[in-house]
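I am opening a new notebook page for this structure. My notes follow the order in which I looked things up.

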Amino acid sequence: MMKVAIAEDDFRVASIHEQFLEKLDHIKVTGKALNAKEALELLEQEETDLLLLDNYLPDRTGLSLLPEIRERWPGTDVILITASTEKEVVEPAVRYGAADYIVKPVTFERFKSAIEKVRKRKQLIDSNHELTQAVIDQMFSNQRPSETMPTLLPKGIDPLTLQKVKDMMRTLDKGINAEELGQNMGASRTTARRYLEYMISSGEAKAELEYGIVGRPERKYYLA
């Protein structure tokens, strides 16, 4: 469960953000603040994973709060939500460690994407005792896996063909061998096996040996 607080002086906008959060799973709204003073008090009183912070609050700017939040609550992520697109606001927000920056008016899809990015980073940190370079690269990446996939695939693995293989395997009630897959996708057994073995290396598939009545054991592939 991710605990989220909202700091927004316009109660109508705050209500919209709260409704957006209610559409997402495993989210708990810990409170709403109408100004910077209330936002800091809320963070003191409630354990908060994420603060949705308006920049133009009545008493202080959200931007001016970022260094203080970073120092006092280093475990709290901040998404800055503002109508401002000036470089003088955007650049410091990045430098002060804002997890994301959303320009008003906010669409649900953009809002959801920002929340999921924060959630994914927290899950990576919580689920890995030792942060390898691969995990660190994921934490610092602003792209979704589907956007980075073409540049990360090894030689001989085409992203469109790989997606086709995945789609085929999702329709199966049981495993498939390389020869069967090759026939279905119009490719050689060697090519089919290359894609299947890649999916095993990426954790998307698994293989089991099945023994028939006669002959050598057969390697069957299943979605992980």
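**Helix H8**

I began with helix H8, residues 159-170, in this predicted model. H8 has 12 residues and reaches 17 Å from its first C-alpha to its last. That is close to the 16 Å expected at 1.5 Å a residue.

Next I asked which residues of H8 are buried. I found Leu 162, Val 165, Lys 166, Met 168 and Met 169. Seen down the axis of H8, these buried residues fall within an arc of 160°, so they line one face of the helix. I then checked the other side of H8, where Leu 160 and Arg 170 are exposed.

I also looked at how H8 starts. Asp 158 caps the N-terminal end. One of its side-chain oxygens lies 3.1 Å from the backbone nitrogen of Leu 160.

**Asp 54**

I turned to the UniProt record. Its unreviewed entry lists Asp 54 for "modified residue: 4-aspartylphosphate". In the model I located Asp 54 in strand S3, residues 50-54.

Is Asp 54 buried or exposed? I read a relative accessible area of 4%. Buried means under 20%, so Asp 54 counts as buried.

I then listed what Asp 54 touches, leaving out residues up to four places away in sequence. The contacts are Ala 7, Glu 8, Asp 9, Gly 62, Ile 81, Thr 82 and Lys 104. I noted one more pair: a polar atom of the Asp 54 side chain lies 3.5 Å from the backbone nitrogen of Tyr 56.

The peptide bond from Lys 104 to Pro 105 is cis, with omega near -5°. I placed Pro 105 in the loop between strand S5 (100-103) and helix H5 (108-127).

I found a positive phi too. His 26 is a residue other than glycine, yet its phi is near 60°. His 26 lies in the loop between helix H1 (11-22) and strand S2 (27-33). With a relative accessible area of 55%, His 26 is exposed. I marked both entries because most residues other than glycine have a negative phi, and most peptide bonds are trans.

**The whole chain**

Last, I stepped back to the protein chain. I counted 10 helices and 7 strands. Of its 224 residues, 39% are buried. The chain exposes about 13600 Å², and carbon and sulfur atoms supply 51% of that.

Key. Residues are numbered from 1 along each chain as its sequence is written. This is a predicted model: local features need pLDDT of at least 70, side-chain atom pairs count only at pLDDT 80 or more; totals for chains, interfaces and linings use all residues. Side-chain values use heavy atoms; hydrogens and water are left out. Helices (H or I, at least four residues) and strands (E, at least two) are DSSP runs, numbered from the N terminus. Buried means under 20% relative accessible area, exposed over 50%, partly exposed in between (1.4 Å probe, protein chains only). Accessible areas come from the Shrake-Rupley method with a 1.4 Å probe; for residues, only the protein chains shown count as cover. The expected span of a helix is 1.5 Å times one less than its number of residues. The arc is that of the directions from the helix axis to the C-beta atoms. A polar contact is a pair of N or O atoms within 3.5 Å; within protein, one must be able to donate a hydrogen and the other to accept it, and residues adjacent in sequence count only if both atoms are side-chain atoms. UniProt positions are given in the numbering used here, feature names are shortened, and annotations may be inferred rather than shown by experiment. Contact means heavy atoms within 4.5 Å.
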